[in-house]
Amino acid sequence: MGHDFRSVCKMKESRWPWLVGVVFVTIIAIQCFELPYGNVVLSLFSASKFPVAGETIVRADGPVSNFGVTGRANDSHIGGDDDSETSEKNNVVVNKNESPGIDEGADPEEEEESEKWVEQNIQSGATMENVVKENEWRFPKENATFISKDAMNSSDTGSVSHLSPQYSPSNVTFPETVDTTVRTTDTFVFSYPSSTSKDVAPTTLGNTPSATEESGKRQSDLTPLDANSHLNDLSEKKKTPKILTSAVVSISEMKDLLLQSRASHNSMRPRWPSKVDDELRHAKSLIENAPIIKNDPVLYAPLFWNISMFKRSYEIMESMLKVYVYKEGERPIIHLPILKGIYASEGWFMKQMEGNKRFITKKPGKAHLFYLPFSSRMLEETLYVPNSHNHKNLIKYLENYVDMIAAKYRFWNRTEGADHFLVACHDWAPAETRHYMRNCIRALCNSDVKEGFTFGKDVSLPETFIRMPKNPLRDLGGKPASKRSILAFFAGNMHGYLRPILLQHWENKDPDMKIYGKMPKSKNNRNYIQHMKSSKYCICAKGFEVNSPRVVEAIFYECVPVIISDNFVPPFLETLNWESFAVFVLEKDIPNLKNILVSISDARYRVMQTRVKRVQQHFLWHPKPVKYDLFHMILHSIWFNRVFQMNPR
């Protein structure tokens, strides 16, 4: 019997080469078939069934997805850019059951649930590619990276990184060839040779990727590098070309970026069609073909990029726009408008939006826009733990709020929030909303090119300092141009790095330049107000962040704004030509400030001052909204950006 067994073994051993060959040919033949985790070899050696934080999945058709979830929040300060007394942070609520912040990795339970969900879909016959494509909203995408087939076939895929514009944490679309020269349009943007110290930010672009590294990248893929950004770790691992965007983006360049964003059609396509999409596309066509307006009794043409498009868009908004306001959420963070102080813009808008009968609809299926009515100021007042330098719990609160909305309604998931909007004025709002609300239209006071402001989607919200909510128009106006004896005026706390530089060069240095630190207190701030009413130019220097309430204050008191805040996106850039009524001075040119101002002729100054008075109507809060006022201008910018996000059929 042993002899017979050895004979069989010898017979089979003679066929081993044939069997090995068959197996090899079979493996080669089925390499083209897609399995849930790539091809056969990758599936055999896959360490896990679903990606975890920091792990990468490679598919034969090209995509590489990194699902590590990280985040950043600006903890540098608590207060804003005001000179008023800040409210006491009593009754601070601390969430003892706080979940890990977004920069501490994905939740294991959520990963396990997602794994089961993916496997169920695949068992039903769907491919991994289609499952992910059709249900992207289920996956965290802050670091999602997509690499083309050509890149996957390259010998060094680590040097190629294609950040999808949709997922880019900072969708700043610099041209492929960046011109670092600041333009001087209409003589209102000035750049003089600088002799300032090294503390002032430079205006040159460094470490620009080579042509090889740039191949295959779209303009919208160029993302500025932030020292605290999660892109640093990603670039270290993937050898992503680093782009140091220290150049200043001028107003003209911002306008170009805005136009580029409209032409790129990068917005999220809805997961299922709706009648409202067709209505928005029709509105877009009507606006683009607006009849030419030569003279208008209310609107002043020189203030606008295109007065015809603005008026047509505004008229269509009045007749068509419907907004659904979510009722969910508890006070004080939700539905509690704050009408006083430097963050009053978000409160006044909330109050007037929720009380509006023209635009509000109770039928969400007919809504063109969905409003998330939370207060970024009350979020900080309620949940921030003083001196903790940590607001993960604030971010988590907003995540839970969005999850609740998405679970209860189907509208968030239809567009991944692209037709939702928020209005937030606190300095931390960009960091707190850049992840779960990244697709939303964000109206932000802190509108910084380098802090993730997305042209064509986000809106620059005017920061308005309301001292008397019952009479927001008190002290409106100022002296006529001929009686303004002060050349330039500034007073304020020494917030940030820029204001000490301003005082270093100009405090008590020139009688024409009234540049102070914080002024002594006076009843109703009369001393400060009278200085603004008596000055030709009001200096609007950035504080901790790029925004300052002085921009709107200057317009309120009919003083020509002089904005010293590099990369600040001025309010309503979609429609207003700020270079026609304001002066923009680079931070590095503070030593030449007086020379810049006196170089403007008296005739030109009078033109600008007249335009400031004409644009004033667009920056006023009224107890009840009036046509073209601040409420309507904010809503119009949100509407306008949504309309021009619409892709063709």
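Aspartate 296 is buried in this predicted model, with a relative accessible area of 15%, a value that falls under the 20% limit used for buried residues. Its salt-bridge partner is lysine 311, and the closest N and O atoms of the two residues are 2.4 Å apart. Lysine 311 belongs to helix 11, which covers residues 307–320, whereas aspartate 296 is found in the loop between helix 10 and helix 11, so the pair ties together parts that are 15 residues apart in sequence.

A further salt bridge links aspartate 277 to arginine 414, with 2.8 Å between the closest N and O atoms. Because aspartate 277 is part of helix 10 (residues 275–288) and arginine 414 is part of helix 15 (residues 411–415), this pair ties together parts that lie 137 residues apart in sequence. Both partners are counted as buried, since the limit for that class is under 20% relative accessible area: aspartate 277 has a value of 2%, and arginine 414 has a value of 5%. Side chains of opposite charge can pair when their charged atoms come close.

Salt bridges were also found elsewhere in the chain. Aspartate 589 pairs with lysine 588, the closest N and O atoms being 3.4 Å apart, and both of these residues are buried. In the whole structure, the search finds 20 salt bridges.

Considered as a whole, the protein chain has 649 residues, of which 54% are buried, and its secondary structure comprises 22 helices and 13 strands. When contacts between residues at least 6 apart in sequence are considered, 75% of them join residues that are at least 24 apart.

Trp18, Leu19 and Val22 make a nonpolar surface patch of about 300 Å². Of these residues, tryptophan 18 is placed in helix 2, which spans residues 16–29, and tryptophan 18 is classed as exposed because its relative accessible area of 53% is over the 50% limit for that class.

Notes
Residues are numbered from 1 along each chain as its sequence is written. This is a predicted model: local features need pLDDT of at least 70, side-chain atom pairs count only at pLDDT 80 or more; totals for chains, interfaces and linings use all residues. Side-chain values use heavy atoms; hydrogens and water are left out. Helices (H or I, at least four residues) and strands (E, at least two) are DSSP runs, numbered from the N terminus. Buried means under 20% relative accessible area, exposed over 50%, partly exposed in between (1.4 Å probe, protein chains only). Contact means heavy atoms within 4.5 Å. A salt bridge is a side-chain nitrogen of Lys or Arg within 4 Å of a carboxyl oxygen of Asp or Glu. Patches are made of residues with over 30% relative accessible area and no salt bridge: like charges are joined within 9 Å, nonpolar side chains (Val, Leu, Ile, Met, Phe, Trp, Tyr) within 5 Å. Accessible areas come from the Shrake-Rupley method with a 1.4 Å probe; for residues, only the protein chains shown count as cover.
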